[in-house]
Amino acid sequence: KYEKLLSNTRRNCGGGKTPWGTWLTCEEVYGGKIYEVDPWGNGFQLTRLGDSGGYFESVAYDNRNVGRPQFFVTEDASNGAIRRYTKLEAVDNAFTSGNNWGILSSSGGTTDYLVINPTSSSIGSFYWSPSISAGRESAQKYFSWNEGIDFRAGKLYITTKKDKLLYILDLDAGIYERSSTESGAFNNQPDQIAHLIANENNSNVDDILYFCEDGGSDCGVHGTYDTETTGLAFSPDKKHMYVSFQSDPGHIFDITRE
């Protein structure tokens, strides 16, 4: 069983979830907006995450400070500024009452924009500016057409499709590193990214960073992991794929289809 929860939007792209279990869907069009969808009956509402509008792609959040969650939004454009939205009011009352529905639609938040300062081709520092012009200028130079985004253990992961790059921002230290996503079987543009295994509050847990590809005739889903993958096997009915990841502790996955 399924039902439609949102309508009359345009070119909805990756989006992302909230800490309280609703879904954020992004319009990837000129003047696009970001809507929050509640699967438990509240319907949908326009949020303040998109401020003046943009070609929005994906959303991630950092809620290590539960009372002041921060949301990060990518924009799939040549000068697509990466936004950080911080809610400053109403959060404490919302979490106390259990009513989180108004957090992203009400006033009392701030939006700033990522600006990076490279010290070499692969590392540098960054800060968040209140100026969207500064954010767009930095995006145009260094991380245009930014797509997938994910947060884990104090670090923000961002892909850019034109230059095929992965940025890893250490949000506490204010430094970043970047590397190419173009290697091996992965030869198209990176799109969405997500972690598997990792606990966002535990920096000691190994994780797999998955990439989706955009463009080309042989797009796939690829995972990078700092260990050995082994033990690939299929069930006799070809509906289960088993794969092991060596780590401490190790993991065995059963991937199924109907």
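Rings of Phe, Tyr and Trp (its six-membered ring) pair here if their centres lie within 6.5 Å; planes under 30 degrees apart count as stacked, over 60 as edge-to-face and the rest as tilted. By this rule the count comes to seven aromatic pairs. The model is predicted: local features need pLDDT of at least 70, side-chain atom pairs count only at pLDDT 80 or more, and totals for chains, interfaces and linings use all residues. Residues are numbered from 1 along each chain as its sequence is written, and side-chain values use heavy atoms, with hydrogens and water left out.

**Aromatic pairs**

- Tyr 35 and Phe 44 pair edge-to-face, at 6.3 Å centre to centre and 75 degrees between the planes.
- Tyr 35 is buried at 16% relative accessible area, and Phe 44 is partly exposed at 38%. Buried means under 20%, exposed over 50%, and partly exposed in between (1.4 Å probe, protein chains only).
- Phe 72 and Trp 128 form a tilted pair, with 5.6 Å between centres and 45 degrees between planes.
- Phe 72 sits in strand β6 (residues 70-75) and Trp 128 in strand β9 (residues 123-129), so this pair ties together parts 56 residues apart in sequence. Both Phe 72 and Trp 128 are buried.
- Trp 20, Tyr 61 and Phe 71 make up one aromatic cluster.

**Salt bridges**

- A salt bridge is a side-chain nitrogen of Lys or Arg within 4 Å of a carboxyl oxygen of Asp or Glu. The count is 11 salt bridges.
- Arg 64 meets Asp 62 at 3.0 Å, N to O. Arg 64 also bridges to Asp 172, with the closest N and O atoms 2.8 Å apart.
- Asp 172 lies in the loop between β12 (165-170) and β13 (175-180), and Arg 64 in the loop between β5 (56-62) and β6, so the contact ties together parts 108 residues apart in sequence.
- Asp 62 is buried at 6%, Arg 64 is partly exposed at 35%, and Asp 172 is exposed at 59%.
- Arg 83 and Glu 75 form a salt bridge, their closest N and O atoms 2.9 Å apart. Arg 83 is buried at 1%, and Glu 75 is buried at 2%.
- Shared partners join Asp 51, Glu 75, Arg 83 and Arg 136 into one salt-bridge network.

**Sheet**

- Strands (E, at least two residues) are DSSP runs, numbered from the N terminus. Two strands pair if DSSP finds at least two bridges between them.
- Two bridges join β1 to the antiparallel strand β2 (residues 23-26). Gly 16 stands opposite Leu 24 in β2.

Note on methods. Helices (H or I, at least four residues) and strands (E, at least two) are DSSP runs, numbered from the N terminus.
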